[in-house]
Amino acid sequence: MTRVASLTVPPLIAAQEMEAARQIAPHLIDTPFAVQLRRFVLWVGLSALFIALCIGVDMTPAAFARGLTKLADFMRGMFPPNAAGGEVRILQALAATFAMAVTGTFLGVLGALPLGLLGAKTFVANPVLHFLIRRSFDVFRAIPALVWALILIVAFGLGPFGGVIALALTDIPRLGKLYAEAIENSDPRPQEGIRATGGQRRAAIRFGLLPEVLPVMASQSLYMLESNFRNAAILGIVGAGGIGFELEERIRIFAFDQVAWIVIAYVLCVMALDYVSEKIRSKLVHG
Amino acid sequence: MLELKSVTKRFGQTKAVQDVSLQIPAGSMVGIIGRSGAGKSTLLRLINRLCDNHEGTISWHGQPVSELRGKALSQWRATCGMVFQQFNLSPRLDVLTNVLIGSLARQRGVAPMLKLFPAEERARAILELHALGMSHTALQRCSTLSGGQQQRVAIARTLMQLPEIILADEPIASLDPANAQTVMETLSTINRERNITVLVNLHALDIARRFCPRIIGMADGQIVFDGTPDDLNASVVDAIYGRHVIEGSGPQAEAQNLLEAVA
Amino acid sequence: MAPNEALKAQIIREFEAERRVTLLRLRLQQALVLVGFSALIAACFHVSGFFGGSQGSDPWGRIANLLDIMIPDLKAGVIFEDRATKGSLASWFYDMPTWLSLLWETVQIAIVATLFGIFGGFWASLLASKNLSPSPIIHWLTRRTLEVIRTLPDLIVALILVAAFGVGPLPGVIAIALGTMASLGKLYSEANEAADMRPVEAVRAVGGSWWAQVRFGVLPQVLPHYASYGLLRLEINVGAAAALGVVGAGGIGIELSRAITYTEFDTYFALLILIIGLIILIDLVSEAVRHRLIGLESPA
């Protein structure tokens with residue numbers, strides 16, 4: 001292997017060759033001081049900013065060490081997972097959370113349908129209206145369900161009702177945007193064809209637009225249901241009941257074996273729902 | 001001396017390269033011709049170890065390379081540079097960095113990961129680019145260059161490896177005739193002036209005849225011809241490209257042209 | 001002529017009969033799906049106590065009442081007076097300095113969490129992409145791990161982390177960073193798998209290590225995708241960070257929670273306006289940066 005190994009030491013470039021290269025492109029051989037300075041300042045500046053941000057959120061090694069020690073204790077407490085006789089109760093809570101997600105999604109779909117139509121450029125010609133609706137979708141999309149739930153549960157009392165409304169309110173802008181995009185991206189030719197045969201606008205929508213967009217919209221609604229199952233779980237923390245409430249209760253009393261049991265059951269349910277929903281969605285979209 | 005002894009490579013059931021034995025003296029320029037699917041590309045990739053052979057041995061100056069692992073393998077790959085049909089440059093990186101990639105096998109530590117290369121390497125890259133008439137593009141993105149320019153950058157990258165062999169896999173198949181000519185002349189010059197062994201896969205017979213003193217013909221993974229351009233006669237071309245393709249149009253017409261080039 | 005007519009009639013009859021059966025089967029199927037779906041919806045409405053139950057007898061009245069107590073009593077005459085004057089803007093937004101600093105903390109949580117999420121997602125994506133992963137087992141394990149993390153809502157994770165790290169922004173950062181890592185890890189691995197492998201092969205052919213292949217073959221291609229996914233995620237994370245304070249994980253959510261506890265519904269409304277304003281701001285900044293990134297792309 002002598003020949004192959006000999007390559008590790010490449011023949012050094014001679015001084016006169018260095019000079020030749022310098023002649024061709026001096027700035028690529030010796031980096032100008034100004035460039036080096038700019039690079040240095042940029043790196044130092046960005047690092048300082050990053051460190052400042054980290055300190056701003058209490059991200060210090062000491063805090064980390066303290067928290068991780070406790071977290072390790074929690075982890076040890078999680079094994080073996082144990083429902084402590086609450087299996088039925090936990091499964092009921094999971095069912096309630098699922099029911100909340102379905103109801104919220106259903107109401108969200110009802111609310112998003114008209115708004116999605118109004119937000120579609122191809123449906124509403126007025127650019128101002130279109131812009132306002134789409135922009136408000138963008139803004140309200142970013143408000144988490146929890147922020148709605150917090151106040152709605154006070155208004156409607158403890159229980160799933162406020163949670164359902166909160167989920168619907170979260171869904172409307174998200175679904176509205178998706179619906180509007182689906183309508184805009186639909187193929188205009190079937191509608192044109194129906195108009196061309198003398199059909200009314202209503203007929204064009206019924207037989208030209210709906211067959212195009214309904215499967216897409218149904219698929220998006222199912223996707224929203226998947227996301228709502230996760231959202232519904234956290235609403236229990238602020239009093240909407242369901243699995244989130246069960247979980248919070250046990251975290252507060254440090255019963256981590258039960259927490260682990262609930263989390264495992266919950267993760268399995270989410271995965272099952274995602275699996276079924278994905279199957280239906282691919283059937284909807286690909287026929 | 002590059003030596004292949006009964007080298008065989010299978011993809012599933014099909015044998016891409018079948019029982020190939022070859023001896024190529026250091027410093028020679030060899031053209032490999034054959035139809036697509038004849039196993040030319042696989043042969044070059046076996047030599048560079050981009051894929052592994054199932055049977056037989058490949059050795060360079062008596063040292064077997066088939067079993068190399070880790071550091072030794074990357075050093076062997078640096079020893080034999082690859083030139084690709086599609087150039088295989090990183091389109092969003094500048095020309096200089098693409099050329100400096102050729103020096104990676106001898107770089108250490110994290111500095112090259114931050115695109116920090118020693119001044120000597122940068123100087124060498126610029127000299128290589130300059131020799132190929134490309135130094136003025138050093139800071140351009142590769143995606144802004146034409147095909148011919150990209151292939152020259154790719155050759156500069158290969159030269160950065162300080163290779164002893166260059167394996168060129170259809171280097172001119174994606175280029176127009178003028179650029180193809182330039183690239184072949186470049187490879188030929190490199191072979192003569194730097195005494196680097198060049199193995200070049202070619203589709204076109206006339207190019208092979210013009211630039212390669214030794215030609216190897218492959219068909220169905222086997223060597224069916226090995227000799228000088230003068231030894232290539234019509235029956236040999238038949239054996240390489242197949243008689244059954246001669247009548248009709250399309251690829252057949254191409255084979256007809258090949259025959260005329262021989263005549 | 002006559003037998004021909006008879007044959008024709010026969011064929012039409014058979015076709016009609018088959019059509020009826022097919023239609024009936026289709027209708028039956030549709031009816032079954034519809035009944036099943038309606039039953040599911042009805043059951044879900046029932047379980048979530050939508051009709052009757054806890055919301056009292058007069059839901060619309062309660063909504064009206066809620067809106068009534070959320071809207072502050074602003075008085076036109078004193079609207080620009082100081083905090084002490086009832087009915088002024090300043091008395092509505094009475095704790096503005098605290099809120100602004102909490103909003104800033106929310107942004108900090110989102111930025112730091114997104115940065116760590118991008119960092120973690122990058123490494124996870126290398127292990128989770130089929131074309132780069134060192135081994136199929138690692139590829140499979142990483143994918144499944146990311147999936148499990150994605151099923152856990154960030155607030156549940158935050159709840160556990162607050163118990164471990166104590167009240168403050170740190171548990172919030174960790175919770176959001178984990179979620180970001182899991183979702184970006186998936187998106188990034190898809191970008192990696194879509195990358196052109198020819199440059200990677202070239203780096204392999206010059207004798208470059210796995211690191212060099214990733215650095216010079218893959219990264220230059222996928223970096224713009226990474227950046228734009230990261231920015232989109234930052235927008236989502238600002239919203240998520242605003243909610244985290246409710247479980248004690250820092251940011252403006254603490255004030256939201258406090259306003260509810262003290263039944264200051266007009267304050268809640270004020271905070272909601274601030275949060276929406278922040279989201280619009282981040283949205284605009286991120287959009288500008290994204291356009292700039294795309295603008296840098298186009299001349300190439």
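C:Thr267 counts as buried, at 3% relative accessibility; the cut-offs are under 20% relative accessible area for buried, over 50% for exposed, and partly exposed in between, with a 1.4 Å probe and protein chains only. The residue sits in helix H11 of chain C, which covers residues 265–297. Helices here are DSSP runs of H or I with at least four residues, strands are runs of E with at least two, and both are numbered from the N terminus. Setting aside residues up to four places away in sequence, C:Thr267 touches C:Trp92, C:Tyr94, C:Trp99, C:Arg258 and C:Ala259, where contact means heavy atoms within 4.5 Å.

C:Leu271 is in helix H11 of chain C too, and with a relative accessible area of 0% it is buried. Beyond its neighbours within four places in sequence, its contacts are C:Trp99, C:Ile252, C:Glu255, C:Leu256 and C:Ala259. As for C:Gln108, it lies 163 residues from C:Leu271 along the chain, and 18 Å separate their C-alpha atoms.

## Ground rules

All of this comes from a predicted model, where local features need pLDDT of at least 70 and side-chain atom pairs count only at pLDDT 80 or more, while totals for chains, interfaces and linings use all residues. Residues are numbered from 1 along each chain as its sequence is written, chains are lettered from A and ligands numbered from 1 in the order in which they are written, and side-chain values use heavy atoms, leaving out hydrogens and water.

C:Thr85 is partly exposed, with a relative accessible area of 24%. Its contacts, leaving aside neighbours within four places in sequence, are C:Val78 and C:Ser91. C:Lys75 is 10 residues away from C:Thr85 in sequence, and the C-alpha to C-alpha distance is 10.0 Å.

## Chain C as a whole

Chain C has 11 helices and zero strands. Its radius of gyration is 29 Å, well over the 19 Å that the globule rule gives for 300 residues, so chain C is more spread out than a compact globule. That radius is taken over C-alpha atoms, and the rule is 2.2 Å times the number of residues to the power 0.38. The C-alpha atoms fill a box of roughly 105 × 75 × 45 Å along the principal axes.

Of the 300 residues of chain C, 45% count as buried.

## And chain A

Chain A has 13 helices and zero strands. A compact globule of 287 residues would have a radius of gyration near 19 Å, but chain A comes in at 29 Å. Along the principal axes, its C-alpha trace spans about 80 × 70 × 45 Å.

For chain A, the assignment gives domain 1 (26–77) and domain 2 (87–286), with 39 Å between their centres over C-alpha atoms. Buried residues make up 44% of the 287 in chain A. Among contacts in chain A between residues at least 6 apart in sequence, 74% join residues at least 24 apart; the figure for chain C, with those cut-offs, is 65%.

Technical notes: Domains from an automatic or database assignment.
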